[in-house]
Amino acid sequence: MKAMKKYIIAVFVLALCSSCANQLEQFSFLAISPDAVDIRDVPAVRNGMYNSVQNKPTVRSFILFDMLGGTIQSNTGTSRDLINATLSPLNSTIGSSWDGYFSALYQVNNMLDIANRFPEAELASLSKGEAHYFRAYIYFCLVTRWGDVPILRNNTLERVSRDPINAVWAFIEEELDVAATLLGAASSYYYVSRDAAIALKARVLLSQGKKQQAADLAESLITSGAYRLDAFERIFRSTGNTEIIFAFENRTEESSINISDLFYTYGHPNRGQGAYKPTPETIALFADGDNRRAISLVNIAGTECINKYPSGQTGRDPVVVSRIAEMYLISAEAQGRSLGVGRLNELRRFRGLGDIFPANDEDYLTAILTERKRELLGENFMYHDLVRTGRAQEELHLLNHQHVLPIPGRELQLNPNLVPNPGY
Amino acid sequence: MKQKNKLLCMMKQYVVILLLMVPLISFAQQSTVIRGTVMDSSGQPLAGVTVEATDGVQNQRFQASTNDKGIFSLTGLTAGKSYDVAFNRLGYERYIERSFLVRAGDNNSLLVRMSEAIEKVDEVVVVGYGTQRRALVTSAISKMNVDESTLRPVSSPAQLLDGRIAGVSTATGSGNLGSGERVSIRGISSLSASNEPLYVIDGVPITNSNSNLYDFGESMSSLATLNIADIESIEILKDAASAAIYGSRATNGVVVITTRSGKEGRADIRLNVNGGLTQFPYLNKIKMADSELYIRDFNEGIANYNEQYGLQIGNSGYKRPISNPFGNLPDTRWMDIITQTGSFFTVDAAVSGGTQKMKNYFAAAYTTQEGVIKTNSMDKINLRGKMSYEVAPWLEIGTNNSANYVRNNQIPGATLGTTIIGRAIQQRPFDRPYKPNGDYYVGGTDELVFHNPMQILNEQNVYLEDLRYLGNFYTTVKWKDKLSWKSSLNADVTQTYDHTYYNERHPYGLGIGRLLDRNRLIRNYLFENVVTYNDKFNDFSLNAIAGHSFQKIATRTTYIDARGFPSPSFVVASAAAETMSSSGLGIYTLESYFSRATLSYLDRYILTGTLRTDGSSRFARENRWGWFPSISAGWNISEEEFMQGSGTDLKFRMSYGRTGNQDGLGSYVYQALMEGGFNYGGNSGIAVTTFGNRDLTWEKAGQYDVGFDIGLFNGKVNVLLDWYQKNTTSLIYSMPVHATTGVTSITTNIGSMRNRGAEFTLNTHFNFGQFQWLSQFNIATNKNKITSLIGDDTPISIGGNRALQTGQEIGAYYLFNMQGIYQYDGEVPKEQYDIGIRAGDVKWNDVDGNGIINDNDRVVMGSSNPDFFGGWNHTFRYKGFSLDAFFSYVYGNDVYAQWQVDVARVGHRNAVLSEYAENRWTGPGSTNKYPRPMDGDINNARNSDRWLEDGSFIRMRTLMLSYNFPTQLLSKYRIKGLRAFLQGDNLFLITNYPGWDPQVSNNMDPRFFSVDTFNVPQPRTFTVGLNANF
């Protein structure tokens, strides 16, 4: 018994001494420290940037200008109800868009830091070019929503102030120029190319009323031969097409952006929560001969729904950022009635409609905007189109202050240096 | 055994008795005998009862004690004399049979029933890493004995505590089976997510994570796996002096659960069988408008809209009135369609016994339940084996193992898109679930507004399966009863499987069937060594422990999302057309050193000190270790000589201690992380997810406690009184930051707060001959206040309706304040008129006076915390009958009745409350409370005090009638005890709250607590059962 006692105690002591040394240092199995990023990680950081710019702004950011543009309505109210309900500093879509764009910007700026840290890395130069494009893309989204916004060339914890809108536009143009010099052709239209930078710049210039430059850039893409108008059946059904200049691939397993879910109802085989549907006026825009109609609209159990994103709840669909039809419309609008109407009719003919010849500039602008409603429905254009052309008040019954979005209430509370947009 | 006797010696009554144990000689010529049996209140024989007969005239004393059949015989008494016969036993009320006339011969017999003492001063209390006599306890520890009279048909032990202990409040997510719970001990001590106390079961700090792996609309209790019938007692370590021994996780208090064990010198077989019915209570309390009323108001809302915007038939945006598409068919009773009368059946059995060397306990239990919502059901199996073996006088080994299994067929909770009550009660009254051909009407389309609740329930197959092993193996080495060393290996291993299957006909089934198949394995291992030292030096006694522990918790998950099944018969991912999967692993470790010393002088003056230090992997190396000391002192005033014999027990206690909290923190929260999974184009990508914070450190709480334990009239009345103040500093919080930083929150030490409160418990125990009346009343109050926060004093808005602000309490609401209804268009400020506000709409308090209602106009008001709360229990016993009536109450808490938001919107597309529909504003002066019907209203449904309701209530928690069959009758059948009972739970509720149950919440986080979104109320339960002992 004595011997056993000693033996047992010895085992105890041994067990006690051998336990738990260094077990208090635990590290994630899913992550690395940002300091530990090395030259081999640059491609992964690049993919992370694409993923972030695609996902962070959240789904409604990709149709916000439709929600505010009078072309769609919620399933319970009119488009005017939807606009009034959305344009509030407490609205969650407004808040998550703001948060999401800045969250995406953080990853973009981080990409630039890392690419600058490892200039000799594979893809470093390409990644930089893409990052400059994304910065311009994000700021285009920000400036067209909130007007003056803080320009963040580097990530910062400071409580920043808003920069004037002109400085923001200048920053966007500068970023696109840098991007264009660093970028060339892309491996597919799911990656940013030099053409994508040019297409976005054309849009940016048109927004600022720099019509001649906008027309020149749009024409350069139309005449380059790299892109041709193509059928909606190919553009919006993930088939090879000649239209798209840049789109987010938005693969099911990589994405939280499910636009289709918001448009389809539970009556559709693919299911959707059916939060928004086209207004009767939008439905009426599509003539029988319009070959865009079947892909733009679908009748689900008696309700017309937007049909451009086909997956419903079963998956995700690519989100187009730029395609050549927009260049036709930019060119047509920027060149003015006499020079531009040709491009407009070219597009109309391709879509199965006849030529038109508006009698005056007002009618011409109306025709352009109507064509944009048909062509770009559900692609995040309308609100900005109406605001930049001065038609928003009349068409959408907007109050003066509703021409920009409210800065989210949360952000105003947490950063007293931000001045709210008046009226909210 | 020796030690046990020593303990007994110290008890007052026994000291007296032992002094008098000098054998007394009988002088009398006619010596005679009293024989008898002593039983407890349930009719079980009581061993070890000291029986003492006193002859008042000659002051002679005679003693005997009962054997394990409860039988005694007192010899040497004089025939023809009267004696007072007193019965004493530890833990039981002293019983005296006065002036018992002893006759000559063998016929003197006594049958005595002794009742258990409640809150007896000399009970033994489980403290951290050991037990202590109540007399030596200097901190605030409350004990709840779990027995037949305190059991309720609930799935989690936490729910047993409801109203039982002063300062402990509980709530459940809903009345669904296995729903998550919240236990709050002395208010809210921390801001970080869980705020739950630490649960320690038989010495093992368990993991208590949400059982749900796929968020099915409510959190699920991980404690629901446990067998409640196995629990002997629940101790609540309330103050820091008692909890500090658990250091870094003790700020929110500690719940110590002790399971039953075999008792020396006994062999018992326990068998409990019960079953019953459950009901959805107060179903008709929420009254919805019928079709006629609904359509009238809806069309008024449309007319108001069209008129306001000048719209005529044919105009763009013109809204058309509706009519009942089903003509004169009767309205659908939507709630009747989804509810049912639930039922349950439980059987549990235990075999226990022990000798001096070996004690064991084996138990098995099976429970099956059906909830009050169709398809909600739960099955539970629990097994336990416990054994200890004294190999040699210096060596004991033992083990305690429990295996538990739960399968819970869930229904959608209140925050899911298919929330079952919301998808029933909110449907328009004329709509119906089935088409004439039997097909479902599909929700979210023009034919039905919301998801069809029958489609939800019928076409899903959703269940949780928990397999949980909880147990330990230990060895104790002893030296001379003074020193012992216990080394144990403890484990809490839970395997959870969460199966969420939507077939192709379910709204979420994607038309092709979808399975979310999730597995989680949590391994929680604890290796612990504790050295205990007991000694006496003259009048001083010392009890000391020192120990070391190392705990490692590893969590491994596998998630599969499978889509596309050939038919609903295929339910595993391999049959799916497409699968996506992910897996995870996280490890968290904690190393601790702890010690405690209790020094007492003649049981009069007691001083206890504890010290613990914890090192956690959740903090950076330089901030890793936290120190948690405590000191407490007690004065047993009644042990002083001047109080001797007064029949009064009086103890004064005071304590101070520091505890920590690191709960609700991510495992790697201090580290900046660049996480994987941010893929694009089928290639892996990484992105920064957190900035990290190496300065992050322990949240610390310092708590003062002053208390009195008072026993009056020889223990007939007991009072416990405590005051405390708890100051938490370095509050850990995921602090909201401006989004331009790239993130929306940073985990940091943000500020400090204070909880102050008092607790009062009154126990009474009176005997009126055969009739006994026992009562327990408890009441507690707690005031929470945030004393500092990073930055300035402006409210930090959190969630949709709360704010944190210095000077306010956690759980304060941040809402718009209604100031009535605009009666005339002229009263509406221009800014509001422009966006469509008119007479009949709600007038909000425009705090900054700029005419616009925005974020600056919200006001911090109300609170989800009560002013006071507690419980009141009465037990009446007469012969074998016993009646228990238990009430719980809460006063002064506000509940955010968010369910009203939609159903109070008159003129909206969902069903409306008839109160709002009938009383709607129709013109100036008609009402100042109920707005006009308005389709597309954007003003009236704000997060506001319109939905803030008084949540005070008194609940008839349980009413139980039981009968103990007489032992004599049972002994023929070799049954030691048999008890039959009828119990009603939640029989009625007195409250102003307009909903079903103010005690449920869709969020258990104290910051967002008390939000009711049509949560299923706690059911009303009727139970009938039998408890048998062999």
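Predicted model: local features only at pLDDT ≥ 70, side-chain atom pairs only at ≥ 80, totals over all residues.
B:Asp481 is exposed, with 12 other C-beta atoms within 10 Å.

Is A:Ser238 partly exposed or buried? A:Ser238 has 15 other C-beta atoms within 10 Å, so it is partly exposed. A buried residue would need 20 or more.

## Chain A in outline

Chain A holds 18 helices and seven strands. Its C-alpha trace spans about 110 × 50 × 45 Å along the principal axes. Of its 424 residues, 56% count as buried.

## Two domains in chain A

Chain A is divided into domain 1 (39–183 + 396–424) and domain 2 (258–314). Domain 1 is therefore written as two stretches of sequence, with bounds that come from an automatic or database domain assignment. The C-alpha centres of the two domains lie 28 Å apart.

Eleven residues of domain 1 are in contact with ten residues of domain 2. On the domain 1 side, strand S2 (residues 72–74) of chain A gives the largest share, three residues. That side divides into five nonpolar, six polar and no charged residues.

Helix H9 (residues 211–224) and helix H14 (residues 324–350) of chain A pack against each other. Their angle is about 145°, and their axes are 8 Å apart. H9(A) passes H14(A) in a left-handed crossing.

Which residues of H9(A) and H14(A) make the contact? From H9(A) come A:Lys211, A:Ala214, A:Ala215, A:Ala218, A:Glu219, A:Leu221 and A:Ile222. From H14(A) come A:Ile324, A:Met327, A:Tyr328, A:Ile330, A:Ser331, A:Ala334 and A:Gln335. By class, the residues of this contact are ten nonpolar, two polar and two charged.

## A covered strand in chain B

Strand S16 (residues 254–259) of chain B is mostly covered, with five of its six residues buried. S16(B) has a parallel partner: strand S13 (residues 198–201) of chain B, joined over four bridges. S16(B) also pairs with strand S15 (residues 231–237) of chain B, which runs antiparallel to it over six bridges.

One residue of S16(B) links to both partners. B:Val255 stands opposite B:Tyr199, and B:Val255 is also the bridge partner of B:Ile236. In a regular strand, side chains alternate between the two faces of the sheet.

## Where the chains meet

How many residues does each chain bring to the contact? Chain B gives 70 residues and chain A gives 80. On the chain B side, the elements that give two or more residues are strand S24 (514–537), strand S25 (540–563), strand S26 (578–601), S30 and S31. S26(B) gives the most, with seven residues. By class, the chain B side has 29 nonpolar, 32 polar and nine charged residues.

Three strands form an open sheet in the order S1(A)-S30(B)-S31(B), with antiparallel pairing. The edge strands are strand S1 (31–32) of chain A and strand S31 (686–690) of chain B, and each pairs on one side only.

Two antiparallel bridges join S1(A) to S30(B). Four bridges join strand S30 (residues 673–676) to S31(B), also antiparallel. Follow B:Glu675 in S30(B) across the sheet. B:Glu675 is the bridge partner of A:Ala31, and B:Glu675 stands opposite B:Ala687 in S31(B).

Conventions:
Residues numbered from 1 in each chain as written. Chains lettered and ligands numbered in written order. Axes fitted to C-alpha atoms, helices over the stretch in contact; angles between N-to-C directions. Left-handed = near helix turned anticlockwise from the far one by under 90°. Contact = placed C-beta atoms within 7 Å. Nonpolar A, V, L, I, M, F, W, Y, C, P; charged D, E, K, R; others polar. Pairing = 2+ DSSP bridges.
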